[in-house]
Amino acid sequence: MTATVEFEAVDTNSDIGLLSVPRHVAIIMDGNGRWAQRRGLPRTEGHRRGVKTLREAVKHAQKRGISYLTLFSFSSENWSRPQQEVSFLMALLRRFVYDDLKDLVKANVKVRVIGSKENLDKSMLTLLNDAEQKTAHCTGLVLVIAFNYGARDEYVRAARKLAERVEAGELKAADIGEDDVSACLDTHEMPDPDLIVRTGGEQRLSNFLLWQAAYAEFYFAPTPWPEFDSGAFDDALLAFSNRDRRYGGLSSDATGT
Ligand code: IPE
Ligand code: IPE
Ligand code: MG
């Protein structure tokens, strides 16, 4: 009798034709409510299912070697939804942080939270700070949770910080440069997103990372977030790897005068 060793077939980036991997992927996880409603389910069921996708997306980002994964979980405008849906989303985020923190530490994932901390429920604030502190030593994927986040709100807070520095005599208004603005944003010390994915079919930014998106590539998937599996994620990465990023210049293969 011969012993057989079974190997799990693991596809590498090159196996699926990925020539380059974005360093930072940011995702607008949209379409939960419509996914549920199409099935005759309450919208909240879509959000619940969305957490499963979120866990899979984190694993998949690690597998593909992405360094930063930013997930838009709740916008500064989402407070205008019915109270019941807002409460459900809050409870879901609490449960995710509470249940998954240990696994994230084990997987060497560093959590960062962006968005306004002003007027947040104290227990939520503690939970989010805890997630950042307990994963501060991790050196793997940086998971950026955009919570109570709105890009215009982020600008306003940055403008206030800069104005305070000018008032304090630390900085001259005429000397303010792009780096000073970037340093005052919630995303300071993070690279700009290379790829912004929006699921759910809409083609807009909805106040997400406006400054940081200056040279991001965009990918709009019709797939609602609860169905955005690793194959769909790979489709976005493949589209990215075929893009020609010129940053206002010319392609490296451009010829002529
Ligand atoms: C995204 O799904 C999740 C959040 C905004 C919190 P939606 O709840 O916006 O779902 P749709 O877009 O209404 O289908
Ligand atoms: C953007 O989706 C916010 C999140 C995914 C958290 P929305 O559903 O709030 O955006 P709009 O209202 O369609 O622009
Ligand atoms: Mg939506």
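This is a predicted model: local features need pLDDT of at least 70, side-chain atom pairs count only at pLDDT 80 or more; totals for chains, interfaces and linings use all residues.
The packing of helix 3 against its partners is considered first. Helix 2, which spans residues 43-64, and helix 3, which spans residues 83-106, have axes that come within 11 Å and cross at roughly 25°. Because angles under 35 degrees count as roughly parallel, helix 2 and helix 3 are assigned to that class. The crossing of helix 2 with helix 3 is right-handed. On the side of helix 2, the contact is formed by Arg 43, Thr 44, His 47, Arg 48, Val 51, Leu 54, Arg 55 and Val 58. Helix 3 contributes Glu 85, Phe 88, Leu 89, Leu 92, Phe 96, Asp 100 and Leu 104 to this contact. Sorted by class, the residues joining helix 2 and helix 3 comprise eight nonpolar, two polar and five charged.

Helix 3 also packs against helix 4, at an angle of about 20° and with the axes 10 Å apart. Helix 3 and helix 4 are therefore likewise roughly parallel to each other. In this pair the crossing is left-handed, whereas helix 2 passes helix 3 in a right-handed crossing. The residues of helix 3 that take part in the contact with helix 4 are Met 90, Leu 93, Arg 94, Val 97, Tyr 98, Leu 101 and Val 105. They meet Ser 123, Met 124, Leu 127, Leu 128, Asp 130, Ala 131 and Lys 134 of helix 4. The contact of helix 3 with helix 4 consists, by class, of 10 nonpolar, one polar and three charged residues.

Two buried positions were examined individually. His 24 belongs to strand 1, which covers residues 24-28. With a relative accessible area of 3%, His 24 falls under the 20% limit and is therefore classed as buried. A polar atom of the His 24 side chain lies 2.8 Å from the backbone oxygen of Pro 191. Beyond residues up to four places away in sequence, His 24 touches Tyr 68 and Thr 70, together with Pro 191, Asp 192, Pro 193, Asp 194 and Leu 195.

Leu 141 is located in the loop between helix 4 (122-134) and strand 4 (142-149). Its relative accessible area of 5% places Leu 141 among buried residues. Although Leu 141 and His 24 are separated by 117 residues in sequence, their C-alpha atoms are 9.9 Å apart in space. When neighbours within four places in sequence are set aside, the contacts of Leu 141 include Val 58, Ala 61 and Gln 62. Leu 141 is also in contact with Ile 66, Ser 67, Tyr 68 and Leu 69, as well as with Asn 108, Val 109 and Lys 110.

The backbone of Asn 108 was considered next. Most residues other than glycine have a negative phi. Asn 108, however, has a positive phi of about 65° although it is not a glycine. Asn 108 lies in the loop between helix 3 and strand 3 (110-114), and its relative accessibility of 28% makes it partly exposed.

A positive phi is likewise found at Tyr 247, where the value is near 50°. Tyr 247 is placed in the segment after helix 7 (230-241).

Methods:
Residues are numbered from 1 along each chain as its sequence is written. Chains are lettered from A and ligands numbered from 1 in the order in which they are written. Side-chain values use heavy atoms; hydrogens and water are left out. Helices (H or I, at least four residues) and strands (E, at least two) are DSSP runs, numbered from the N terminus. Buried means under 20% relative accessible area, exposed over 50%, partly exposed in between (1.4 Å probe, protein chains only). A polar contact is a pair of N or O atoms within 3.5 Å; within protein, one must be able to donate a hydrogen and the other to accept it, and residues adjacent in sequence count only if both atoms are side-chain atoms. Contact means heavy atoms within 4.5 Å. Axes are lines fitted to C-alpha atoms, for helices over the stretch in contact, and angles run from 0 to 180 degrees between N-to-C directions. Angles under 35 degrees count as roughly parallel, over 145 as roughly antiparallel, 65 to 115 as roughly perpendicular and the rest as oblique. A crossing is left-handed if the near helix is turned anticlockwise from the far one by less than a right angle, and right-handed if clockwise. Ala, Val, Leu, Ile, Met, Phe, Trp, Tyr, Cys and Pro count as nonpolar, Asp, Glu, Lys and Arg as charged, and the others, Gly among them, as polar.
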